Amino acid sequence: MRTFKASHQSSSHIIQQRSFLFIVPLALILTFAFAACGSNGGTSTGAGSTPTSAPTPVKTVGVAGTSQGCPNATVVNPPQNKPNVTIEITNKNSTITAHSGDLIEVRLPFGQQWNGPTTSQGVLQLQNPAGYALSTAKVCIWRFVAQGTGTTQLDFSARAICTKGQLCPQYILMVPFTIDVK
């Protein structure tokens with residue numbers, strides 16, 4: 001009967017081989033993942049890949065064509081009526097009190113690709129255009145009129161505004177508001 005005695009050298013060699021077998025596939029997976037994220041469909045738009053020291057302006061496009069991230073490209077200046085209740089991102093995850101007949105305005109800042117209600121929600125009647133850009137205040141606006149009484153949750157979400165062919169952070173920011181109409 002033969003017994004095998006592992007020397008220090010051969011056991012470290014086995015560990016190195018196992019580490020190598022783990023690292024190579026991981027490196028290949030990461031390489032392909034980063035290549036897919038930065039792919040622009042195989043088209044070339046630049047004269048070369050020489051880095052520049054000064055930033056160059058890039059056109060960014062939101063859901064429906066606004067560079068600010070608002071889902072609606074309609075221009076409304078100035079807003080028709082002053083709202084009774086104004087809701088901002090700092091009010092997320094809180095309950096806002098309103099009264100029947102109140103005009104409620106949700107203001108979300110430029111710089112994110114916003115998504116929000118496109119239809120009336122509960123006792124809140126959506127006013128069109130929904131999610132338009134108000135450039136003077138640098139916000140995307142949704143307006144609702146409170147009809148009746150009750151509690152309604154408004155759910156908004158945001159993600160990064162991305163430029164084709166560039167790396168882009170992958171996140172979704174959830175911004176809920178609870179409206180209690182008395």
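## Close-ups of the cores and the open sheet

**View 1. The largest nonpolar core has 25 residues.** Ile104, Val106, Leu124, Trp142, Phe177 and Ile179 have the most contacts inside this core. At least two core residues come from each of the strands S2 (85-88), S3 (95-98), S4 (103-109), S6 (124-134), S7 (139-146), S8 (150-159) and S9 (173-181). Another core, of 5 residues, lies apart from it, with Val76, Tyr132, Leu134 and Ile141 among its members. A nonpolar core here is a set of buried Ala, Val, Leu, Ile, Met, Phe, Trp, Tyr and Cys residues joined through side-chain atoms within 4.5 Å. Buried means under 20% relative accessible area, exposed over 50%, and partly exposed in between (1.4 Å probe, protein chains only). This is a predicted model, so to speak of local features takes pLDDT of at least 70 and side-chain atom pairs count only at pLDDT 80 or more, while totals for chains, interfaces and linings use all residues. Residues are numbered from 1 along each chain as its sequence is written, and side-chain values use heavy atoms, with hydrogens and water left out.

**View 2. Here are the contacts of isoleucine 179.** Leaving aside residues up to four places away in sequence, Ile179 touches Ile87, Ile96, Ala98, Ile104, Leu124, Gly150, Thr151, Thr152 and Leu154. Contact means heavy atoms within 4.5 Å. Ile179 in S9 is also the bridge partner of Ile96.

**View 3. Four strands make an open sheet with mixed pairing, in the order S3-S9-S8-S5.** S3 and S5 (113-115) stand at the edges with a single partner strand each, so one side of each has no neighbour in the sheet. On average, neighbouring strands are turned by 25 degrees against each other, direction ignored. Axes are lines fitted to C-alpha atoms (for helices, over the stretch in contact), and angles run from 0 to 180 degrees between N-to-C directions. Strands (E, at least two residues) and helices (H or I, at least four) are DSSP runs numbered from the N terminus; two strands pair if DSSP finds at least two bridges between them.

**View 4. S9 pairs with S3 in the parallel sense over 4 bridges.** On this side, Thr95 has Thr178 in S9 as its bridge partner. S8 and S9 pair in the antiparallel sense over 9 bridges, and Thr151 stands opposite Asp180 in S9.

**View 5. Serine 157 lies in strand S8.** Ser157 is buried, at a relative accessible area of 16%. Beyond residues up to four places away in sequence, Ser157 touches Gln113, Trp114, Asn115, Ile172, Leu173 and Met174.
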